[in-house]
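Please look at the sequence and the model below before reading on. The paragraphs after them are meant to be read with the structure open.

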Amino acid sequence: MRWPWQKAPETRSAGGYESLVLNAWPAYTGLVAAGHGAVATAAALIGRAMALAEVETDSMMVRAALRPGVLQRWATEAVEHGETLAVLRIDDMGAHFATPSHWDVLRASALVREDDWTYRATFFEAQNSMVLNVTGAEAIHLRWRVDAQRPWAGQSPIKVLGASGTLGAGLERQLAEEATNAINGTIISGRSTGVSVSELADDTEAAKDNLVARLRDMHGEIWWMPTALAGQHLPLEKLRLGVEPPIATVDLRAQLVRMIYALCGIPPALWSETAAGTAGQAAMRQFVSLGVEPLAKRLEEQFARVFGERVGLNFATLHASDLGARASSFAKMVQSGMGLQEAAALTGLVAAEAP
């Protein structure tokens, strides 16, 4: 008997939560397999671009801590894994950032300033490990994408594309079956007796199974097959057997990869084999503006919180490839009546003044 004011006991069916996880896992792993290569490529591009940033600060200590390799690692991990954490350490040699092997968020909320968030960071050593409790004012916590309801948890492109998990899993499974089960070899029809005519004419199940087994064991070999008109001098015919996935499957998988590139701010023309000249320059400009600089702005926010001063990241080196197009835009803006300083700042020929 249960009184009205008593809470009903919590019950879970044996196949409820576990079955949901098991059913969702193949879809998620299929999406990871289909998209991980694209995410890794995007992360590598953005990471290398971030390494070319010029750190704008008057502090030699800050400049030494923000080395190109550090910036590259942060950007790469943020895109590939959704987030990265680095703890600021200051010693007699100056300042440097230490990356923990694992971390937990102890205190964080949308109602609490990020400076007051608390992390438990674990650093593995050769023989043991060290655990530090640090605040947001002591750590760089770069996230590629955040959910407003859980701002402390970063989300990677794979996580964002979770709704496409079933599609990714199906495509990856189909391509894997095609590559695994396809016969690999070459058959040349002629007058050799590698396989007898009687064997080919035998349509019993045992003979068919034997022939299929022999074909699967080709492993890239070349087989000579007799023609039905044995004894006649017929021209040789070559038949190549191998992986041949449906065009629709390949196209759908390519669309999934393009979705991931678009999420990361990488325009199609940047990785297209046919893009060159003006199209390539425009693609590079879009990549820097949509894929690299937004992540750099988030880093600048983190720098201001940790260092207590403005630290900028300048990508003039990457913009140099588009100098001709920007100079042309600058001339058109000036001719239309815009001021020199404003036109130069809009086209990136000079750095815009900080607010």
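The model is a predicted one, in which local features need pLDDT of at least 70 and side-chain atom pairs count only at pLDDT 80 or more, whereas totals for chains, interfaces and linings use all residues. Residues are numbered from 1 along each chain as its sequence is written, and side-chain values use heavy atoms, with hydrogens and water left out.

Helices and strands are here DSSP runs, numbered from the N terminus, with helices (H or I) of at least four residues and strands (E) of at least two. An open sheet is formed by 3 strands in the order β3-β2-β7, with antiparallel pairing, where two strands are said to pair if DSSP finds at least two bridges between them. Since β3 and β7 (139-143) stand at the edges, each with a single partner strand, one side of each is left without a neighbour in the sheet. From one strand to the next the twist averages 20°, with axes taken as lines fitted to C-alpha atoms, for helices over the stretch in contact, and angles running from 0 to 180 degrees between N-to-C directions.

Within this sheet, strand β2 (residues 83-91) pairs with β3 in the antiparallel sense over 5 bridges, and the two strands form a hairpin with 2 residues between them. The pairing of β2 with β7 is likewise antiparallel and also runs over 5 bridges, with L85 standing opposite H141 in β7.

How many of the 5 residues of strand β3 (residues 94-98) are buried? The number is 4, so β3 is largely enclosed by the rest of the structure; buried means under 20% relative accessible area and exposed over 50%, with partly exposed in between, for a 1.4 Å probe and protein chains only. A98, which is found in β3, counts as buried at 18% relative accessibility. Its bridge partner is V87, and, leaving aside residues up to four places away in sequence, A98 touches A86, V87, R89 and F123, contact meaning heavy atoms within 4.5 Å. The C-alpha atoms of A98 and L88 are separated by 6.5 Å, although these residues are 10 residues apart along the chain.

Two helices can now be placed against the sheet. Helix α3 (residues 68-81) lies across β2, β3 and β7, running at about 150° to β2. Helix α10 (residues 278-307) packs on the sheet as well, touching β2, β3 and β7, and its direction makes about 160° with that of β7.

In α3, the buried residues include V70, L71, W74, A75, A78 and V79. They cover an arc of only 155° around the axis, which puts them on the same side of α3; the arc is that of the directions from the helix axis to the C-beta atoms. An α-helix has 3.6 residues a turn, so residues three or four places apart point the same way. After α3 comes G82, whose phi is positive, near 95°.

F303 touches L66, L71, W74, I140, G308, E309, V311 and L313, not counting residues up to four places away in sequence.

Strand β5 (residues 118-124) pairs with β6 in the antiparallel sense over 7 bridges, and F124 stands opposite S129 in β6.

Finally, the buried residues of helix α13 (residues 340-347) are A343, A344 and T347. They cover an arc of only 100° around the axis, which puts them on the same side of α13, while Q341 and L346 are exposed on the other side.
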